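Have the sequence and the 3D view open side by side. The paragraphs below move from one chain to the interface, then to the other chain.

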Amino acid sequence: MSLAEPAALPVATSAAPRPQVLKRLTSSFKASLPAYLLLLPSLVFLALFTYGAMGRVLIDALYQRTTPKAPVRFVGLDNISAVLADPAFTGAVVNNLIYAVATTIPSIALALLFALALSRTHAVSSALRAALFLPVLIPMVAASALFLFIFLPNVGLLDYYIGRLLPVLPNWLGDPDIALTAIMIITVWKNAGYYMLFFLAGLQAVPEDVMEAAHLDGAGPYRRLRHIILPELKPTFLFVTVIAMLNAVTQVDHVFVMTQGGPSNSTNLVLFYIYQQAVEHYDIGKASAATLLTLAVLMGLTALSFRTLANREGGA
Amino acid sequence: MKLFDRLFRDAPLATRGEITPKLGFALTVLLAIVWLIPFLWMGVATLRPPSDGINLMAELLPSLNPTLDNIRDAWEIGDFPRYTLNTMIICAGILLVQFVTITLAGFAFARLNFAGKTLIFYLFLMQLMLVPVLLIVPNLSLVAQLGLYDTLTGVMMPFFASAFGTFLMRQAFEAIPTELEDAALIDGAGLLQRIRHIYVPLSMPSFSAFAIISVTSHWNDFLWPLMVINSPDKRPLTVGLSVFTKTAEGTQAWGTIAAGTLMVIAPLLVTFLIFQKRFISSFVTSGIK
């Protein structure tokens, strides 16, 4: 059926209908023109910096220049295989996976705790919400400047107060085994308050009379959480998880300020690797190949988030 | 215990005797205090005289003879007034252009029928997927080709169109009753006049929500301006602070770093404390920027 149709079309539209189709197209274009003009400013910038950028990443990933002034030369998939073979890149990918999982889980757990404890509005809970939200507002660079001192060996805040309890003082940012954890602590501190807001909004959907009925039926706080609150919050969980994962890929300012990816690449994350390739090594080909790989993963992740969003809007 | 009773006053009667929610609340209070410690240290260290030496630097109890020396040093070493001005120009420039682009596009999606609407809608959605910060490499080469390397305009340009803002405005415009527009139509108002005099004034809450999200996120941008800006006098606050921190770290001038950080975040903190409710509700709508 569907195969036969294209063959039949040229016969049907041979002579007379063509001007009609053209006319219909022009008239629908004319009717749509005001809308196109209104969309034009946005579409120009989107074309330059989003779709165009995508295209340029694709093309740049296929070319290579040996020095900044040398002519570009087509290398096919060499850049991609070079990136995949680069231990710094695979290391950054592994770090980023660990970083994503180990920041997402505690941030969300804390956010849920904060939201449950502060869901009732009174002066005290508003003040506490504001306190937990403050880190969300400040630039990551400013947070990093503060945490540089907090993690400073011997005289820093952490060692001054907690370090006395430990037999050996850890070198928080200087020890390859600990540095990534230190970076993760900042992320959790900075983002938990943001995710708390979504849980607070989600909690408002939990009906109070159901909670009370459950209590009268003998359900304690734990069982109410497990069987009423958590199922109700499921869409919020999915949504916040996606945002936290996106943040884990796109937030690297603290890596730049605090460790520069070191010591020995133990805190290098993928976006910082891309930055290093482009700015420090002038290797646009490799930087583009790494961008391309990251985008592919991220687009899968965001496709997932749109399904979550659609579910949420559908009331599920 | 009295205090707890007052805090849980409006909880359902049956649950007031439970212990677990109170433990959770107590834990949250404790963590909120921990959350504030970096800010507390920043304030105390800013006012601590350099003569207290490095070993007292971590002390959270304020010094008995506070001084403004650190603030003066930070002000002189870092070019903070210039950085602040640059950041304000960037945020204001982005916001102004965004207001125009998102109003026009939001209106088209909310009220007009046109060929290819679904396709164009998905083209906008794509921007939400391709987080701009990931496209720094191709966008840097484009900005350079446009001759905008090392300019504030170059920093602003990738953010001039905003899918998030467009969708926010579409939602706001759809909620406005069409009767209002019909009345203006009878009076002979053109398309742009109707947008300007009916849709925009009635959508101010959405504009302010968008403004809060846009300004805070671009106030905090770092990696992109770091790549585009080369001259020291064009640095925004975040880039300025990172350079300043690097310099001061070398001389272990932690009091000065605390003072510099305070100067960078003070405008945001003050605005937040004034418009707390607005900020919080705006951030809830900002799931994906």
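What percentage of the 316 residues of chain A count as buried? The figure is 41%. Buried here means that 20 or more other C-beta atoms lie within 10 Å of the residue's own; exposed means 12 or fewer, partly exposed is in between, and C-beta atoms are placed from the backbone.

A word on conventions. This is a predicted model, in which local features need pLDDT of at least 70 and side-chain atom pairs count only at pLDDT 80 or more, while totals for chains, interfaces and linings use all residues. Residues are numbered from 1 along each chain as its sequence is written, and chains are lettered from A, with ligands numbered from 1, in the order in which they are written.

Chain A has 14 helices and two strands. These are DSSP runs numbered from the N terminus: helices are H or I with at least four residues, strands are E with at least two. Now take the contacts in chain A between residues at least 6 apart in sequence; 67% of them join residues at least 24 apart. Two residues are in contact if their C-beta atoms, placed from the backbone, lie within 7 Å.

Turn to the interface. Here 85 residues of chain A are in contact with 80 residues of chain B. Helix 2 (residues 17-60) of chain A supplies the largest share of chain A's side, 21 residues. By class, that side has 66 nonpolar, 13 polar and six charged residues. Nonpolar covers Ala, Val, Leu, Ile, Met, Phe, Trp, Tyr, Cys and Pro; charged covers Asp, Glu, Lys and Arg; the others, Gly among them, are polar.

Zoom in on one residue. Ala142(A) sits in helix 6 (residues 140-150) of chain A. Ala142(A) is buried, because 29 other C-beta atoms lie within 10 Å. Setting aside neighbours within four places in sequence, Ala142(A) is in contact with Leu241(B), Thr261(B), Val264(B) and Ile265(B).

Chain B is divided into domain 1 (2-67) and domain 2 (76-285). The bounds come from an automatic or database domain assignment. The C-alpha centres of these two domains of chain B lie 33 Å apart. Seven residues of domain 1 of chain B are in contact with seven residues of domain 2 of chain B. The domain 1 side has five nonpolar, one polar and one charged residues.

Finish at helix 9 (residues 178-186) of chain B. Of its nine residues, the number buried is zero, so helix 9 of chain B lies largely in the open. Gly188(B) follows helix 9 of chain B, with a positive phi near 85°.
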